[in-house]
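Subject: Structure handover

Hi,

Here is the structure I said I would pass on. Have a look at it first, and then read my notes below.

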Amino acid sequence: MDETNTLIEQRRAKLTALRAKGLDPFRSKFSPKDACAGARANYVEGREVWVAGRVTAHRDMGKSMFIDVRDQTGRLQVYAQKNVLGEEKFEIFRHLDLGDFIGATGSLFTTKTGEISVRLTSFVILAKALRPPPEKWHGLADTEIRYRQRYLDLIANPEVKEIFLKRSQIVWEIRNFLHDRGFVEVETPMMQAIPGGAAAAPFVTHHNALGCNFYLRIALELYLKRLLVGGLDKVFEMGRNFRNEGLSRKHNPEFTMLEAYQAYGDYETMMELIQSMIGHVAQTVLGTLVIEHKDPTGQVTRTIDLTPPWRRIKYKDLVRERAGADWFDLTPQARRERAVSLGAEIAKEYEDFEVTQAVFEKLIEPTLINPTFVTHAPKQLIPLAKLSADDPETVEVFECCINGQEIAPAYTEQNDPIEQRERLAHQAGGEKQKLDEDFLVALEHGMPPAGGMGLGIDRLCMMLLGQESIRDVILFPQLKPR
RNA sequence: GCCUCGGUAGCUCAAUUGGCAGAGCAGUUGACUCUUAAUCAAUUGGUUGAAGGUUCAAGUCCUUCCCGGGGCACCA
């Protein structure tokens, strides 16, 4: 991003020249009556159209010239002729730069090669681009520029634009689905005195007037449960969480989470909800329940079948299936050795249940491509869920894994305030995080039994849109400032 | 934080063993009134991420740093 180079100087000189002619390309207003795609779709030979957009290509024929104009809906070819525009305007037109915005008026016609085009009668320059766009054929490949200057990526790489338009539809359809089921959308604090609902490292900020620190939320959970106490029986929030952790293909420091709670439901209610919701989104946005991921050459690398019903399997059974039927009969030391021999990295300080969890996360989860509800996790992993009636060492939860990733955890929510206090206190261990007394007081007022779930929207988009990196489904992923 | 790969013209990429930094697109000029990666002719454009070092000579080798990709660690 040099401040000057010859290309920028030339464009500035063109701007100066236009102004010398009394044309200010940044002052014009133009009200297009047609979108580019609409002009093509409603083709009538000779119909007058007003379109506006960015000049993305030009083909100079001497006394006539073709340009491509592009708006959000697509591309439209404009044909300019010297004998129609007149010498002076045609010269201005001929010196338009790639990237300039123009408004164009003319009549629709079809070229002899069959392309619907506009025979230009007049035009105005709506904005002059003072910097050159990326190259037209190869697009923009530099990942750093693609992420830092996403607008260039959106201009140069149509498939990238398509991904973000699809993401918008996915979010839209999730809201549609939940609204149709009677859920109420709410907004809860992002700045929290005690960051609860998960065990991630938070970001800290300072409030000057109150003279205290706040944490950016790491989860939505505890505030949404307060609303269950308050009588909002079906609530959801879709919003940003912030976790002060490493970045990776699967992690961005700020990411979008959907959490939904349904009073009088349980984890099985949530299974149905997630299965139906993701099915609805896939069907409406993609038109299919069979998702194919492809490599750059178009080869299918992975197929995900979202057709219900999705597989359900207990955590322990899945571990036995993959790590040996005798896994839970081994001594803790033997489990540790088995885990290492299977290829898991086991830190010395891991407790026994963490050894099993490492095997699950590193060796099993990545293989769960088709949707799988992994139920009944060990209680140590999840302090906010109810114990299973038939196995009190486990909780009534599931982790919905798709595409080798955790997509959505869900619980039968713990609503026993005494039990909840003990579990949180035990987990806090006096240091990791403070107890959210205000939340525990809310539970003591009585929270209806409920099912709750969280859904990582970014990871859902990766799965549905075939993207390998979370950065490719977030418009402006986090990068180190230059 | 650690390991690893990368950074060359506005963009996409070359540059052999350490031996004159190049091409395509974009730009500029010229030709062409149905082109569409238009075509044809000519032409401009470089602090090779930054700073040091080795060498007669460094894009290339060495050191440090910056930024990015991938992996690891962290991550109920």
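A word on burial before the rest: I call a residue buried under 20% relative accessible area, exposed over 50%, and partly exposed in between, with a 1.4 Å probe and protein chains only. On that scale K14 is partly exposed, at a relative accessible area of 27%.

Some housekeeping: this is a predicted model, where local features need pLDDT of at least 70 and side-chain atom pairs count only at pLDDT 80 or more, while totals for chains, interfaces and linings use all residues. Residues are numbered from 1 along each chain as its sequence is written, chains are lettered from A and ligands numbered from 1 in the order in which they are written, and side-chain values use heavy atoms, with hydrogens and water left out.

Now the salt bridges, meaning a side-chain nitrogen of Lys or Arg within 4 Å of a carboxyl oxygen of Asp or Glu. By this rule there are 40 salt bridges. K14 pairs with D97, with 2.6 Å between the closest N and O atoms. The two come from distant parts of the chain, 83 residues apart: K14 sits in helix 1 (residues 6–20) and D97 in the loop between helix 4 (87–94) and strand 4 (101–110). Helices (H or I, at least four residues) and strands (E, at least two) are DSSP runs, numbered from the N terminus.

D97 also forms a salt bridge with K128, at 2.9 Å from N to O. K128 is in the loop between strand 5 (116–127) and helix 5 (143–148), 31 residues from D97. Both D97 and K128 are buried, D97 with 10% relative accessibility. Elsewhere, R40, R59, D68, R75 and E115 are joined into one network by salt bridges that share partners. R27 bridges to D24 at 3.2 Å between the closest N and O atoms, and R27 is exposed at 67% relative accessible area.

On to helix packing. Axes are lines fitted to C-alpha atoms, for helices over the stretch in contact, and angles run from 0 to 180 degrees between N-to-C directions. Helix 7 (residues 158–180) and helix 9 (residues 267–286) have axes that come within 9 Å and cross at roughly 135 degrees. That makes helix 7 oblique to helix 9; angles under 35 degrees count as roughly parallel, over 145 as roughly antiparallel, 65 to 115 as roughly perpendicular and the rest as oblique. Contact here means heavy atoms within 4.5 Å, and residues making it include F177 of helix 7 and M277 of helix 9.

Helix 8 (residues 221–229) and helix 14 (residues 437–444) pack at about 25 degrees, with their axes 9 Å apart, so helix 8 is roughly parallel to helix 14. Here L222, K225, R226 and V229 of helix 8 meet D438, F439 and A442 of helix 14.

Finally, some backbone points to check. Most residues other than glycine have a negative phi, and most peptide bonds are trans. The P308 to P309 peptide bond is cis, with omega near 0 degrees, and P309 is in the loop between strand 13 (300–305) and strand 14 (311–314). Y264 is not a glycine but has a positive phi of about 70 degrees; it is exposed, at 61% relative accessibility. H376, also not a glycine, has a positive phi of about 55 degrees, yet H376 is buried at 9% relative accessible area.

Cheers
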